Amino acid sequence: MSRSNSTGRGEPKRLLGNTAIPAGAIITREQAQSLIGRVVRMSKADEVIVGVGGGYQSDVRFANNQMSTAGGVSNGQVSVTSVFGKKHATTATNDLSDESLKRVVEQSEALTKLSPDDPEWLPGLPSQTYMPGRGYVEATAEVTATERARAALTALEPARKAGDLNAAGFIIVSAGANALGNSKGLFAYNRATIANYTVTVRTADGTGSGWAGAEHPDWRQIDFRKLSATAIEKARLSRNPVAIEPGRYTVILEPQAVGDLVQLIGGSLGARGADEGRSAFTKAGGGNKMGEKIVDQRVTIISDPFDSQLLAQPYDGQGLPLSRQAWIENGVLKQLAYSRFWAQKQGKVANGGATSLKMIGGTTSTADMIKSTPRGILVTRLWYLRQVDPRTILFTGLTRDGTFLIENGKITKAIKNFRFNESPLFMLNNVEAIGPSVRIAGTEGGGPVVMPTLKVKDFNFTSLSDAV
Amino acid sequence: MKTRRDFLKQGGMAAAAVAASGVLNPAHAIISTRPGAAEMPPEDTVRELMMTALNTARSAGASYSDVRIGRYRNSIVFTREQQIVNTADTDSIGAGVRALVDGTWGFGATKTLTRDGVAAAAREAVAIAKANRIARDQPVQLAPVQSYPNATWKSSFTIDPFTIPVEQRAELLLKANAEAMKVKGVQFVNSGLFFVKEDRNFASTEGSVIAQTIVRTSVPFTVTAVSADRSDFQTRGGAVAPIGRGWEYVLEQDLVGNAPKWAEEAVQKLTAKSVDVGRYDLVLHPSHLWLTIHESIGHPTELDRAMGYEANYAGTSFVSPPDKVLGKLKYGPEFMNVRGDRSEPGACATIGYDDEGVKPEDFLIIKNGMFNDYQTTREQANWLKWWYDSKNTPVRSHGCSNADSWSSVQFQRMPNVSLLPGTRDIGWNDLISATDRGIAIIGDGSFSIDQQRYNAQFGGQVFYEIRNGKIGGMLKDVAYQMRTPDFWNSMDMIGGAKSYQLGSSFNDGKGQPGQSNAVSHGCVPSRFKQINVINTGRKA
């Protein structure tokens, strides 16, 4: 949605009465290069690696139909890793003055000399070529406190007016940059912005709760009014839930719920763990499951910093350029994540970690999924997911903020929330339909995650929750 | 709650979101044994900067303001088997200013510790508060607080862990790793030493100037055993609780001496019997029960949750509304007493003054089994005036305001919430002896609870069958599901004072932006009747 019809904005900034990002809060490419160069020149180590980051983060929080807290934080950090032979150690600070940089370098070197050898240490990367990241939007960096407050009003005003609703929400806007360099000529720089809005509306009688959320590098792409309205509608629809028996159900999971569970596969994608026998992708008898079909053939999960929905940082923490990786393709475990050390040991190519995940979407609409379901459950989002068994990526957690019964192709009633014990691997073997993918907003780990709506059978609900 | 992914993201959602968007560099962890790179200004300069912030906020229109200038240090050594994985020191210093304008909050924070820097942060706090007036409903009102113009406090460490050379730390860990690896069947060991030191300075427009030094220590140690055919792997971790003490605590743990025991437990889990589902009497060790207390008593009795202030994230609470539960909700048996405190020596949430300048007092959250009081800040205490008036007690904050950094706004965070010992001098073995058929659970494992803190599921580290008053064979794939009020009302035995011990978390997540808080829970071994146990060992 455009700026003007989302929050009624459109006035010139000078009339809004408060500034957006403080001057100098985001380190420029040239400043980062200069800072890293100064550290490299100060260093007496065999090799030195320098990380620089910083930016401005602003937020507004509301709850119980009123403003709660709001703030703006400007911060930055430099980290210095000194290397002598196979020894290395790191110090970091948020004081970027010359005097501080000198201390950081000296301390890093002193600490390195005290450290034991690291037999797995590899020399730093030489200069790399990076495609420029596309995750920075000037309009997001310019958002003011008044604009954030007005966005909050998209939920607060209708909730107050209704008289029987309580709105709680959070808007966070960040703009910043980081850079990485070393004494071998490596230099990587990336700027990024993120705007994120989540809103929960509860009915005053305590029997209904609805949630909606969105995230995008461009503030103008967040449709605050529509999201607020969705949360309100879900809250009303979810009033007075009835209990139905736990068990295995056909479930339609909205993208947030899919992402809550499926992104957890990322933590098990390390090649080393699989090769060493402590992963869901370990092959009985030895080796890993790469090349094996592990889920439904319609499932493809990738990461790609240049994907228009992900727009992630184009390099990893060591400066390795990131490109499109298919982790699961047409149901087959196509790739595991190889660190530089493990790749060298195994004769593979280092490919960075699964730092952002996208599950390729399908074409079935949520309405069609519901229509084709004789009896099933619609889930808005999941909550408090914790790993129960790493051997199968089995997680437990609960449904939350809008759980509905589907009967004969229609949503018929709100139902009480369930606890589940389920693995994304089990679930992705039970796929019945796939909807379009969207970027989700409620991920606790942060970072871009893009997921579709899914219809799956035999989802394992193990107990009922009285929580609304 | 301990956050999702154990708040592996240090610093919570804010830091994670920023890092993920490329603002910070998450790849660069840090450490050292020397003073950090950032240095706090001298004491009188800190005071001057704080006064500058307060005066600026007041001049700009704030009716109340407080400022925190702090230095937050982390120091880590992580190892695996016989190698160092990471050695790093992080150091962060800056100022956070909170301002109240026409009953609306604003907050500004900066790393620039100059008069201009802190003044700019103060002006920003006021500007944000003014901007937010358009969305204000009820104005914030603060409960009274005594002023402390020259207060100091230090946590109860005797050996500052930051003075211990890194090679000494590494040597200890590698020795312990080697002992664990000697146990047949053990393939992997991950261990670490994680130290925190916070120098916190606080001042408010109500006249307080407070300086505190806080040290905490964590000793993660996890052993992994893999079956010969690679069909199974099992871990034993979390045997050493984090603490609000220093290096002396590390020495007391005898890592080298205990590592073989933890390793053997990991190996035993490979051949342990998979549990039969059903209802069992559970005998829960303090190393396990602390987390159940945290999730099912600590969080639901936070007043901000009960009033809906966490509704969009961590959730609300079944312990609400206050007028329906205070003095009326039977949380557990009559012998159940739960205390909120920030006074217990060595506990992770122990402080001298909270982040609103309140000197906390101990208070009973559950008294003789009945819900008695919430955790509060100055803003919240007024909401319970009717309750305190009825008890003839003054309206005052319980001192539960806390921020995890100078760059985070303070809000309601949990004090130490502890189950007090029973009057009988009994312990773990007595509870086992008194149980015919049950399961004993040691250590904390997987944990999950709903957003109103009713339905929970907890795993553990080590499980033993109890038959006819005796410990039998080891079990695995055990988790129990419960409904909070039913669970606590099923408690029929608790240990005495001699069996009391602390369990803790370094990473309790709450709030938006997310913050990570350290907290401890003291408790005694306890028995719970006929709890639903499930088997989590589902096969692929």
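## Ground rules

In this predicted model, local features need pLDDT of at least 70 and side-chain atom pairs count only at pLDDT 80 or more, while totals for chains, interfaces and linings use all residues. Residues are numbered from 1 along each chain as its sequence is written, chains are lettered from A and ligands numbered from 1 in the order in which they are written, and side-chain values use heavy atoms, leaving out hydrogens and water.

Helices (H or I, at least four residues) and strands (E, at least two) are DSSP runs, numbered from the N terminus.

## Helix 5 of chain A

Let's start with helix 5 of chain A, which covers residues 145-162. Its 18 residues reach 26 Å from the first C-alpha to the last, close to the 26 Å expected at 1.5 Å a residue (the expected span is 1.5 Å times one less than the number of residues). At A:Leu153 the helix bends by about 40°, the bend being the angle between axes fitted to the seven residues ending there and the seven starting there.

Buried residues of helix 5 include A:Arg148, A:Leu153 and A:Leu156 (buried means under 20% relative accessible area, exposed over 50%, partly exposed in between, with a 1.4 Å probe and protein chains only). After the helix comes A:Gly163, with a positive phi near 85°.

## Strand 5 of chain B and its partners

In chain B, strand 5 (residues 186-204) has 17 of its 19 residues buried, so it is largely enclosed by the rest of the structure. Two strands pair if DSSP finds at least two bridges between them. Strand 5 pairs antiparallel with strand 1 (residues 64-80) over 15 bridges, and B:Arg68 stands opposite B:Phe202.

Strand 6 (residues 209-218) also pairs antiparallel with strand 5, over 10 bridges, with B:Arg200 opposite B:Gln212. These two strands form a hairpin with 4 residues between them, and B:Gly207 in the turn has a positive phi of about 100°. Strand 7 (residues 221-226) joins strand 5 through 5 antiparallel bridges, where B:Val186 is partnered with B:Ala225.

## The loop residue B:Thr301

B:Thr301 sits in the loop between helix 7 and helix 8 (303-306) of chain B. Is B:Thr301 buried or exposed? B:Thr301 is buried, because its relative accessible area is 0%.

The side chain of B:Thr301 reaches the backbone oxygen of B:Ile297 at 2.7 Å. Not counting residues up to four places away in sequence, B:Thr301 touches B:Tyr331, B:Ile365, B:Phe371, B:Tyr374 and B:Gln375 (contact means heavy atoms within 4.5 Å).

Definitions and conventions
Polar contact = N/O pair within 3.5 Å; in protein donor to acceptor, adjacent residues only side chain to side chain.
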